[in-house]
Every structure is written in structure tokens, then in C-alpha cells.
Amino acid sequence: GDEENEHENGEGIHGDGTVIPLVNVKSDCLEHITRYMRHYAIDPLQQISIPSRTARPSSSPSSSTPSSSFREIVHQEWYRTFMDELPSEMIFQIVNAANYMDIPSLLNLAILKVSLDLVGKSAEGIRKILKLPKLTAEEEVRAREEHPWLFEE
């Protein structure tokens, strides 16, 4: 039954024999996390320094595309390639799984990738990327009052 699957090849078992339930992590996501952790064990992710917003010219968003920004910030090629090859849906799953599994280096890397992918996008563009439902007319009025910067083009 289920116990056989969990214990097969030692997967899902902590070094002391304790089963660690990963019900919140899909198997394809776990495969990416395992690949990340295997690489991290031999070549840890270096500290990432994020430039301040004022360091980037806000008047020319095209000179700082999200992918070039990510490439500028993350200096280790393996980690850049790892994140660049993942579809957005998987990166969102990795954010949740890395948080659930307490893997701060992967969580921070995935959040950095998502946040840089959102830079320069309109509220509607962000809504589509994050698959957020459309605001009702009432919600939009309230959002425009409380957060006018969201609607600036």
C-alpha cells in the first residue's frame, strides 16, 4: 500500500527513519527541488545582492529587462539556467514547496525570479501572470483609491 511506496528506495524517509509527508508537493516539482538540492550540495548558491531600485533607470524599462536583470543579479550560471528553463507555473509551485519544505535559498531564488518577471508589468499583466481573478467594479474602485500606483501605466 501507501507505506510501501513511501519507503521504496528510501524516498520520503529522513535519516533516522522518520517519514516526512510531502502531501503539498507534487512529484514533478519535487524532482526539480531534488535536482536543485543535489547541485546545491556541491556548489552552494552564493549570496545574492539585489541592487536598490534607485540604481536602475526607471525611465527606460527596456534597458533592464527581467531576464537581463536576473542574469545580472544571479552570477552562477547553473542557477540562472535552472530558473530560466522552468515555466512560470512550476516556479510558483517551487515557491510554495520551498516554503513548505523550509529551503530558504531556493525560496529566495524563486521569489527573485517571479518578482523580476513582474517588474514593469501593468496591473492587468500581473493579474494574468499570477492568474488572479478580475476585480469586481466595486473592488476596482476601492483598489484605485487605496493603491493608485497599481494602475499607473
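First, the conventions. The model is predicted, so local features need pLDDT of at least 70 and side-chain atom pairs count only at pLDDT 80 or more, while totals for chains, interfaces and linings use all residues. Residues are numbered from 1 along each chain as its sequence is written, and side-chain values use heavy atoms, with hydrogens and water left out.

Start with the overall layout. The protein chain has 8 helices and 0 strands. Helices here are DSSP runs of H or I with at least four residues, strands are runs of E with at least two, and both are numbered from the N terminus. Along the sequence the pattern reads α-α-α-α-α-α-α-α. Of the 153 residues in the protein chain, 25% count as buried. Buried means under 20% relative accessible area, exposed means over 50%, and partly exposed is in between, with a 1.4 Å probe and protein chains only. For contacts, meaning heavy atoms within 4.5 Å, take those in the protein chain between residues at least 6 apart in sequence: 60% of them join residues at least 24 apart.

Next, the helix packing. Two packed helices are described by the angle between their axes and the distance between the axes. Helix α2, residues 27-42, packs with helix α5, residues 88-100, at an angle of about 75°, and the axes are 10 Å apart. That makes α2 roughly perpendicular to α5. The classes are as follows: under 35 degrees is roughly parallel, over 145 roughly antiparallel, 65 to 115 roughly perpendicular, and the rest oblique. The axes are lines fitted to C-alpha atoms, for helices over the stretch in contact, and angles run from 0 to 180 degrees between N-to-C directions.

Which residues in α2 and α5 meet? From α2 they are D28, C29, H32 and I33, and from α5 they are M90, Q93, I94 and A97. The residues of this contact divide into 5 nonpolar, 2 polar and 1 charged. Ala, Val, Leu, Ile, Met, Phe, Trp, Tyr, Cys and Pro count as nonpolar, Asp, Glu, Lys and Arg as charged, and the others, Gly among them, as polar.

Now the salt bridges. Side chains of opposite charge can pair when their charged atoms come close. The rule is a side-chain nitrogen of Lys or Arg within 4 Å of a carboxyl oxygen of Asp or Glu. A search of the whole structure finds 8 of them.

One of these joins D84 and R71, with the closest N and O atoms 3.2 Å apart. This pair links distant parts of the chain, as D84 is in helix α4 (residues 77-84) and R71 is in helix α3 (residues 66-73), 13 residues apart. Both ends are partly exposed: D84 at 32% relative accessibility, R71 at 39%.

K113 pairs with D117, the closest N and O atoms being 3.7 Å apart. The two are 4 residues apart in helix α6 (residues 104-118), so about one helical turn separates them. Is K113 buried or exposed? K113 counts as buried, at 8% relative accessibility, whereas D117 is partly exposed, at 22%.

R144 and E140 form a salt bridge at 2.9 Å, N to O. Both lie in helix α8 (residues 137-146), 4 residues apart, about one turn of the helix. R144 is partly exposed at 42%, and E140 is partly exposed at 29%. Salt bridges that share partners join R71, D84, K113 and D117 into one network.

Last, the aromatic rings. A pair of aromatic rings is described by the distance of the centres and the angle of the planes. Rings of Phe, Tyr and Trp (its six-membered ring) pair if their centres lie within 6.5 Å; planes under 30 degrees apart are stacked, over 60 edge-to-face, and the rest tilted. By this rule there are 5 aromatic pairs.

Y36 and Y79 have ring centres 5.6 Å apart and planes at 65°, so the pair is edge-to-face. Y36 lies in helix α2 and Y79 in helix α4, so the pair ties together parts 43 residues apart in sequence. Y36 is buried at 0% relative accessibility, and Y79 is buried at 0%.

Y36 also pairs with F82, and this pair is tilted, with 5.9 Å centre to centre and 45° between the planes. F82 lies in helix α4 and Y36 in helix α2, so this pair ties together parts 46 residues apart in sequence. F82 is buried, at 1%. Y36, Y40, W78, Y79 and F82 form one aromatic cluster.

H39 is in helix α2 and is buried, at 14%.
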